[in-house]
Amino acid sequence: YDGALQSYWPCDDAAGPVSGGRLGLGVMEPSSSGVSYGSTAIIGTGTAITLTKAGMLASAKPGPTIGGARLARYTLGFWLQTSMAAPAAFWTIFGWHDSSVSTGRNIFSWTPSTGFRVIDGNASSDLWNPTFSTIADGAAHHWAVTYGGINDANYRLYFDGAAVGSVVSSTITEPLDTRSLLFGDGTFGVDGDISHLAYWEESLSAAAVAEIYNSGSGRFLQP
């Protein structure tokens with residue numbers, strides 16, 4: 001699966017745009033506030049980037065296209081260590097956005113009451129609520145979200161290397177090729193440290209996700 005890896009951001013930067021070894025989606029541009037550097041590494045070597053509810057990281061380039069302006073199959077993986085305080089409303093973890101956050105698509109978030117959610121744009125109804133334990137525990141967890149593309153229109157969520165749920169994306173507008181990958185949302189963003197972000201132009205298998213997680217010690221690319 002290493003050949004399908006298009007972007008990898010270790011989050012070891014000391015300031016400014018978040019760079020990496022492979023940058024198919026470009027650097028990650030930080031917001032003017034709510035982003036700090038040099039946190040203790042979540043795994044392995046290096047450091048992590050801390051996001052508060054106001055913090056955002058946005059890819060400089062949008063995703064690839066397939067069948068017109070639709071995003072091809074993909075996998076997004078990252079390590080996240082949240083604060084101990086659960087949000088009053090929700091945490092927006094990531095989504096695909098253009099210049100306005102309100103026009104985002106496939107916004108992945110977590111709420112204490114309903115668990116993991118996928119929201120299309122500003123829709124208030126939850127499209128997916130797999131049940132699993134809280135993520136607001138102060139521990140580092142590995143996340144992976146896969147999308148199977150036009151021949152397998154399923155989103156699958158993996159949490160610490162194990163599958164926790166899936167949803168057919170027929171009711172979800174796919175990310176357009178003009179949309180950038182965005183972590184946080186500037187208002188209700190996730191509160192915690194993030195590290196080892198990776199984007200594959202492939203829907204990775206459960207075995208590949210488990211290998212990357214590697215019982216909590218995995219890395220996407222060896223330094």
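1. Is C11 buried or exposed in this model? The model is a predicted one, and in it C11 has a relative accessibility of 0%, which is why C11 counts as buried. The residue belongs to the loop between β1 (5-9) and β2 (22-23), and its phi is positive, at about 70°, although C11 is not a glycine.

2. As to the overall make-up, the protein chain contains 1 helix and 15 strands. Of its 223 residues, 50% are buried, and the accessible surface of the chain comes to about 8800 Å², with 51% of that area belonging to carbon and sulfur atoms. When contacts between residues at least 6 apart in sequence are considered, 63% of them join residues at least 24 apart.

3. The helix, α1, runs over residues 206-213, and its buried residues are A208, V209, I212 and Y213. These four cover an arc of only 140° around the axis, and therefore they sit on the same side of α1. On the face of α1 turned away from the buried side, the exposed residues A207 and E211 are found.

4. What covers the buried residues of α1? The cover includes four strands, namely β7 (74-82), β11 (140-147), β12 (154-159) and β15 (192-200). Just after the helix, N214 takes a positive phi of about 50°.

5. A positive phi is also found within a strand: H196, which is not a glycine, has a phi of about 55°, and this residue is part of β15. H196 has a relative accessible area of 1%, and it is therefore buried. The strand β15 is also among the elements that cover the buried residues of α1.

6. The structure holds 14 aromatic pairs. One of them joins F78 and W143, whose rings are stacked, with 6.0 Å centre to centre and 10° between the planes. Because F78 lies in strand β7 and W143 in strand β11, this pair ties together parts that are 65 residues apart in sequence. Both partners fall under the 20% limit for burial: F78 counts as buried because its relative accessibility is 0%, and W143 counts as buried because its relative accessibility is 1%.

7. W143 also pairs with F159, here in an edge-to-face arrangement, with 5.3 Å centre to centre and 85° between the planes. Since W143 lies in strand β11 and F159 in strand β12, the pair ties together parts that are 16 residues apart in sequence. W143 and F159 are both buried.

8. Which residues form the aromatic cluster? Y74, F78, F94, F108, W143, Y147, Y155, F159, F183 and Y199 form one such cluster, and among its members are F78 and W143, the stacked pair, as well as F159, the edge-to-face partner of W143.

9. A last point concerns I119, which lies in strand β10 (residues 115-119). At 10% relative accessibility this residue counts as buried. The C-alpha atoms of I119 and I107 are separated by 5.1 Å, although the two residues are 12 residues apart along the chain.

Key
Residues numbered from 1 in each chain as written. Predicted model: local features only at pLDDT ≥ 70, side-chain atom pairs only at ≥ 80, totals over all residues. Heavy atoms only, no water. Buried < 20%, exposed > 50% of the residue type's maximum accessible area, 1.4 Å probe, protein only. Helix = DSSP H or I, 4+ residues; strand = E, 2+ residues; numbered from the N terminus. Arc of directions from axis to C-beta. Contact = heavy atoms within 4.5 Å. Areas by Shrake-Rupley, 256 points an atom, 1.4 Å probe, with all protein chains shown as cover. Phe/Tyr/Trp six-rings, centres within 6.5 Å; stacked < 30°, edge-to-face > 60°.
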